[in-house]
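The following note sets out points for a colleague's review of the structure shown below. Each point treats one element or one group of residues.

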Amino acid sequence: MLFPNPLPDLLTPDLGMSAALTAAQAQTGLTFPALGVHLKCPISVVAVRNPTSTSPSFAYAGFRDREMHFSGSLLKVAAMLAAFELRQSASDFAVTEGDCSANVVFNDLKSAFNANIQTASPRFLSEPSITEQMRVPKYPRIFDSPQGLASGGCLVSFSPDFAAHVRGMIVPSNNDEAAATIKALGYSWINGLLVNAGLFDQTANRGIWLAGTFKPGPPDPFPAVRVPSMNDGDSAQATTTIDMARFLALLIEGATLDSRSVDGIASEMRDLLADAQSVGDRSFMTTGARPGLNGLGAGFTITHSKIGLGPLSAGGVVASEATILSHNDTGQQFLVVWQNLLNLNDRHNAMSFMVRRTLLNFLGIP
């Protein structure tokens, strides 16, 4: 199967989480009355129940969570997902190949996949500046030479160079590595995947959208293709918080992403986001990580994160992030996504306060 079937929405609206978020917004308005963070910033918050079981559940609440906003480097996770999903599709295809020569396998992938990839996201077919080479994957650049399997067929894996690009794109969010990854995958594969997975609605132009390379201009320029956003006009890197939270839930649950293929991918993506938190660009809510930022404070451990930071066309810089964390005393795991926060210390401190209060309110801790 080239594309996954629409992925399930694992988030369940929860009255307790909704009440916790609403109370935290009111508390934030009283504590930081002049900043308006509690009114301006989209946010999604999730409590993970039974995270180590085969069927965890996800108690959800959000605010302005279906609004599209430019979120900069946070959208690199879309290219990460697209890379691993392409490896799944190629792996399933290759197990029936009789000849594992690289040119045979890659030409067969091109013949079997490319036409459907290009029609999966029609927007790119109507963009005069976007060529076919910008739409489809470059299989020899992405994959190492296939290896024969004792059981028959071929094993497909990332090339060392492409694996390094994917890692560098996430850890520590290098723009050159992101450009190399996105150009190798192609716009139509990335966004056709998001459409088929149910993470982007191309009729409403809402969800996770990535059609820019983070490195515009020569050499090898890929023009950006944009969709409307609320904070930056038309944007090539935009998302809603609820769709990004859906993606995090799928990573935690794992089985859905892994079940469609012989190639498991969830743990590798979780590992990259764990490294982004431990050795890359850590969450803005990490206590002590950045001068002037208070973070969440004592009692919480952030385990996985991907941040975004970028300039708005009208001026100013906005921050965003998608984060997985735990409350130390109870072990309760949470997912948090927020965006459109002005990158100023007082705004970050207000956001961390609001997230902390939401989680503590949910746990019933004063």
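1. In this predicted model, the buried residues of helix α9 pack against both helices and strands: α3 (76-94), α4 (102-120), α5 (132-135) and α8 (175-185) on the helical side, and β7 (200-201) and β9 (209-210) among the strands. Helix α9 spans residues 187-196 and is mostly covered, since nine of its ten residues are buried. The buried set consists of Tyr187, Ser188, Trp189, Ile190, Asn191, Gly192, Leu193, Leu194 and Val195. Just after α9, Gly198 adopts a positive phi of about 85°.

2. Helix α4, one of the packing partners of α9, contains Gln118. With a relative accessibility of 10%, Gln118 falls under the 20% limit and therefore counts as buried. When neighbours within four places in sequence are left aside, the contacts of Gln118 are Leu125, Glu132, Arg135, Val136 and Ser188. Ser188 is itself one of the buried residues of α9.

3. Which aromatic residues are linked by ring pairs into a cluster? The cluster consists of Phe124, Tyr187, Phe200, Trp209 and Phe222. Tyr187 is also among the buried residues of α9.

4. Across the whole structure, a search finds twelve aromatic pairs. One of them joins Phe3 and Trp189: the ring centres are 5.0 Å apart and the planes meet at 15°, which is under the 30 degrees required, so the pair is stacked. This pair links distant parts of the chain, with Phe3 in the segment before β1 (11-13) and Trp189 in helix α9, 186 residues apart. Phe3 is buried, with a relative accessible area of 10%, and Trp189 is buried at 0% relative accessibility.

5. Phe84 and Phe158 form an aromatic pair with edge-to-face geometry, at 5.3 Å centre to centre and with 65° between the planes. This pair also links distant parts of the chain: Phe84 belongs to helix α3, whereas Phe158 lies in the loop between β6 (154-155) and α7 (160-170), and the two are 74 residues apart. Both Phe84 and Phe158 are buried.

6. Strand β12 (residues 237-239) runs antiparallel to β4 and is joined to β4 by two bridges. Opposite Ala238 in β12 stands Phe70.

7. The loop between β3 (57-63) and β4 holds Asp65. Is Asp65 buried or exposed? Asp65 is buried, because its relative accessible area of 10% is under the 20% limit. Leaving aside neighbours within four places in sequence, Asp65 is in contact with Ile43, Ser44, Tyr60, Thr240, Thr241 and Ile242. By contrast, Asp65 and Val105 are 40 residues apart in sequence and 42 Å apart in space, C-alpha to C-alpha.

8. Strand β14 (residues 317-327) is mostly covered, with ten of its eleven residues buried. Strand β14 pairs with β13 (residues 300-311) in the antiparallel sense over eleven bridges, and Ser305 stands opposite Thr323 in β14. The two strands form a hairpin with five residues between them, and Gly315 in the turn has a positive phi of about 110°.

9. Strand β14 is also joined to β15 (residues 333-342), through eight bridges in an antiparallel arrangement. In this pairing Val318 stands opposite Leu342 in β15. Here too the strands form a hairpin with five residues between them; the turn includes Gly331, with a positive phi of about 75°.

10. The last point concerns the surface. Val95, Leu149, Leu155 and Val262 form a nonpolar patch there, with about 320 Å² of accessible area together. Val262 is located in the loop between α11 (255-259) and α12 (266-278). Val262 counts as exposed because its relative accessible area of 63% is over the 50% limit.

Key: Residues are numbered from 1 along each chain as its sequence is written. This is a predicted model: local features need pLDDT of at least 70, side-chain atom pairs count only at pLDDT 80 or more; totals for chains, interfaces and linings use all residues. Side-chain values use heavy atoms; hydrogens and water are left out. Patches are made of residues with over 30% relative accessible area and no salt bridge: like charges are joined within 9 Å, nonpolar side chains (Val, Leu, Ile, Met, Phe, Trp, Tyr) within 5 Å. Accessible areas come from the Shrake-Rupley method with a 1.4 Å probe; for residues, only the protein chains shown count as cover. A salt bridge is a side-chain nitrogen of Lys or Arg within 4 Å of a carboxyl oxygen of Asp or Glu. Helices (H or I, at least four residues) and strands (E, at least two) are DSSP runs, numbered from the N terminus. Buried means under 20% relative accessible area, exposed over 50%, partly exposed in between (1.4 Å probe, protein chains only). Contact means heavy atoms within 4.5 Å. Two strands pair if DSSP finds at least two bridges between them. Rings of Phe, Tyr and Trp (its six-membered ring) pair if their centres lie within 6.5 Å; planes under 30 degrees apart count as stacked, over 60 as edge-to-face and the rest as tilted.
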